[in-house]
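Student: Could we look at the salt bridges here together? I'd like to work through a few of them with you.

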Amino acid sequence: MTAIENTPLGRLEKEGRLLNAVLKGGTTRPGRFGFRGDIALKFQVQVADEKRPPDYSIEQVLTVAQEGERAIPVLAGYLHSLAYLADVANVLDGVLGPEGRYFIFCNNIDLLAKYRIKLGNVTFHVLPCDESTVWKEMMDLVGVNKDDIKKLDAGGKLDYLLEAAKELDASYDEISYEDALKRMAPAKNRNENRPV
């Protein structure tokens with residue numbers, strides 16, 4: 001059984017950032033740890049022992065980390081606003097590497113937009129996501145069919161999808177983070193149109 005402490009996810013676990021896990025454990029590959037859930041980016045101020053949800057997170061994260069390696073090889077997740085990408089780069093500094101494939105879906109960019117944004121030595125592939133899930137978007141993006149993975153367990157499905165993502169040719173236009181911020185739309189109010 002792979003221990004999270006021995007993977008690049010260990011520091012995030014220690015900092016209490018890995019939340020709402022659907023999967024948090026070994027996968028079908030030896031020495032590999034898988035995580036599906038949220039990674040907290042900004043914590044709320046805690047009063048006494050009260051545990052508050054983070055201000056914002058990378059949501060619906062799909063990632064794996066290999067024991068003994070320094071960087072997460074592949075990660076996909078959802079940001080409610082592209083403006084949070086700088087926080088992703090800061091919080092995950094040291095656990096993302098120049099060779100990794102990192103897919104960030106946002107709902108406040110043009111629905112036809114696909115960018116590559118470099119922050120430090122890490123390249124993020126930024127794509128639109130509206131009324132969908134990261135899992136479904138990634139399945140579509142890499143062309144994995146539900147039938148391909150239906151016999152696999154949760155860890156096996158994650159392995160299969162993320163291995164396919166590593167091979168994806170994602171040579172989108174490279175733009176600067178500042179330019180991307182100028183192009184983004186206001187983030188939608190999540191509580192709009194919801195019954196009270």
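This is a predicted model: local features need pLDDT of at least 70, side-chain atom pairs count only at pLDDT 80 or more; totals for chains, interfaces and linings use all residues.

Student: Which residue forms a salt bridge with Arg-32?

Tutor: Residues are numbered from 1 along each chain as its sequence is written, and side-chain values use heavy atoms, leaving out hydrogens and water. A salt bridge here is a side-chain nitrogen of Lys or Arg within 4 Å of a carboxyl oxygen of Asp or Glu. With closest N and O atoms 2.6 Å apart, the partner of Arg-32 is Glu-163.

Student: How many residues apart are Arg-32 and Glu-163?

Tutor: Helices (H or I, at least four residues) and strands (E, at least two) are DSSP runs, numbered from the N terminus. Arg-32 sits in strand E2 (residues 32-42) and Glu-163 in helix H5 (residues 154-166), so the pair links distant parts of the chain. Their separation is 131 residues.

Student: Is Glu-163 buried or exposed?

Tutor: Buried means under 20% relative accessible area, exposed over 50%, and partly exposed in between (1.4 Å probe, protein chains only). The relative accessible area of Glu-163 is 18%, so this residue counts as buried.

Student: Which residue in helix H5 lies three residues from Glu-163?

Tutor: That spacing is about one turn of the helix. Glu-163 also forms a salt bridge with this residue, the closest N and O atoms being 3.1 Å apart. The residue is Lys-166.
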